[in-house]
Amino acid sequence: MSSADRKKQLEATYKAKDTEEWLDIKFTRPAGYWWAVQCERLGLHPNTVTLISMVIGAFAGYCFYYESMAWTVLGILMLVWADILDSADGQLARMTGKKTKIGRLLDGFAGDVWFFCIYFFISLRLTSQPMPFGLPRNWGIWIWILCAFSGFVLHSRQACLADYYRNIYMYYQSGNSELTDSEKILEEKKTIPWGRGWLLKVALFFYGHYTMRQERYTPEFQRMRSILNAKYGENIPATIRETLCRQMYPLLKWANISTFNTRAIVLYVSMLCGCPWAYIVFEMTVMSAICFNMRHTHESICRSMAERES
């Protein structure tokens with residue numbers, strides 16, 4: 001097989017090239033594709049690959065509890081591997097056509113498990129350690145409060161919005177998107193019997209409420225979407241789609257920063273320097289500022305379009 005053919009096969013496993021980061025294109029996706037091919041040969045389902053990545057990522061968090069450089073490097077390698085497998089599960093699903101709603105939920109849940117373990121073990125590691133800059137006290141309960149706020153409030157919102165914005169862009173660019181409505185998901189949940197479909201029913205419950213959060217964070221987009229759907233249905237004019245994509249495209253780089261690669265690099269540097277708290281500070285300051293600006297800009301774009309089409 002020629003290099004051009006291999007490149008074409010690899011790119012066919014992308015969600016959308018516009019939403020891919022440089023590091024993903026150069027490293028994560030090629031490595032994920034290799035693992036996806038091996039998993040296909042072994043007959044593994046994409047959901048199985050997701051569960052494996054979840055376990056490996058959780059182990060990475062455990063590694064960060066220890067202060068030794070060997071454990072730190074092991075934790076970094078494990079998290080890199082987990083991320084590659086997290087890419088591989090989606091690539092495998094697109095290669096084999098084995099896309100499921102449970103898989104969509106598991107894919108997002110895997111990252112939550114990784115970072116829950118990372119925050120937990122960082123908190124456990126720092127509890128009895130002194131604060132930096134010569135402050136006359138140990139971290140104590142404060143590191144648990146900061147990690148809980150950073151993880152459950154800030155990180156959760158950042159990742160949630162970044163995922164939604166990328167799906168919105170893909171929807172208006174090509175229609176090939178996982179953008180959906182919480183009402184439809186929860187209505188579908190009601191039609192599934194508990195007996196044979198209990199797992200899917202539970203998955204749809206969490207997926208529906210996750211989507212509900214995304215909708216709650218984006219009121220102007222919901223208003224714009226309602227106006228466009230009422231006016232055009234599924235046949236939104238190409239000029240409107242192009243205008244929205246042109247205005248939203250600059251936000252993709254911020255959405256990508258709000259997902260994994262940037263925060264992982266900062267985490268790696270913080271752990272290698274023996275300053276796990278620096279990652280928490282970065283999360284609460286830089287990442288929060290990016291999320292605020294991204295949300296404000298996206299809502300402004302949607303408000304302007306809604307007013308124009310009203």
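How many residues apart in helix H7 are Lys190 and Glu187? In this predicted model, the two residues stand three positions apart in helix H7 (residues 182-191), so about one helical turn separates them.

**View 1**
Glu187, with a relative accessible area of 46%, is partly exposed.

**View 1. A salt bridge joins Arg263 and Glu283.**
The nitrogen-to-oxygen distance in this salt bridge is 2.6 Å, and the pair links distant parts of the chain, with Arg263 in helix H12 (residues 261-272) and Glu283 in helix H13 (residues 276-309), 20 residues apart. Arg263 counts as buried at 0% relative accessibility, and Glu283 likewise counts as buried at 0% relative accessibility, because buried means under 20% relative accessible area.

**View 2. Arg29 and Glu20 form a salt bridge between their side chains.**
Here the distance from N to O is 2.9 Å. Are Arg29 and Glu20 buried or exposed? Both Arg29 and Glu20 are buried.

**View 3. Asp181, Lys184 and Arg225 take part in a network of salt bridges.**
In this view the three residues Asp181, Lys184 and Arg225 are linked to one another through a network, and the structure as a whole holds eight salt bridges. Across the protein there are 34 positive and 27 negative side chains, and the centres of these two sets lie 1 Å apart.

Along its principal axes, the C-alpha trace spans about 60 × 50 × 50 Å. Of the 310 residues, 49% count as buried, while the accessible surface comes to about 15700 Å², of which 64% belongs to carbon and sulfur atoms. Among the contacts with a separation of 6 or more, 75% are accounted for by residues 24 or more positions apart.

How values were computed
Residues are numbered from 1 along each chain as its sequence is written. This is a predicted model: local features need pLDDT of at least 70, side-chain atom pairs count only at pLDDT 80 or more; totals for chains, interfaces and linings use all residues. Side-chain values use heavy atoms; hydrogens and water are left out. Buried means under 20% relative accessible area, exposed over 50%, partly exposed in between (1.4 Å probe, protein chains only). Contact means heavy atoms within 4.5 Å. Accessible areas come from the Shrake-Rupley method with a 1.4 Å probe; for residues, only the protein chains shown count as cover. Lys and Arg count as positive and Asp and Glu as negative; His and the chain ends are not counted. The place of a charge is taken as NZ of Lys, CZ of Arg, CG of Asp or CD of Glu. A salt bridge is a side-chain nitrogen of Lys or Arg within 4 Å of a carboxyl oxygen of Asp or Glu. Helices (H or I, at least four residues) and strands (E, at least two) are DSSP runs, numbered from the N terminus.
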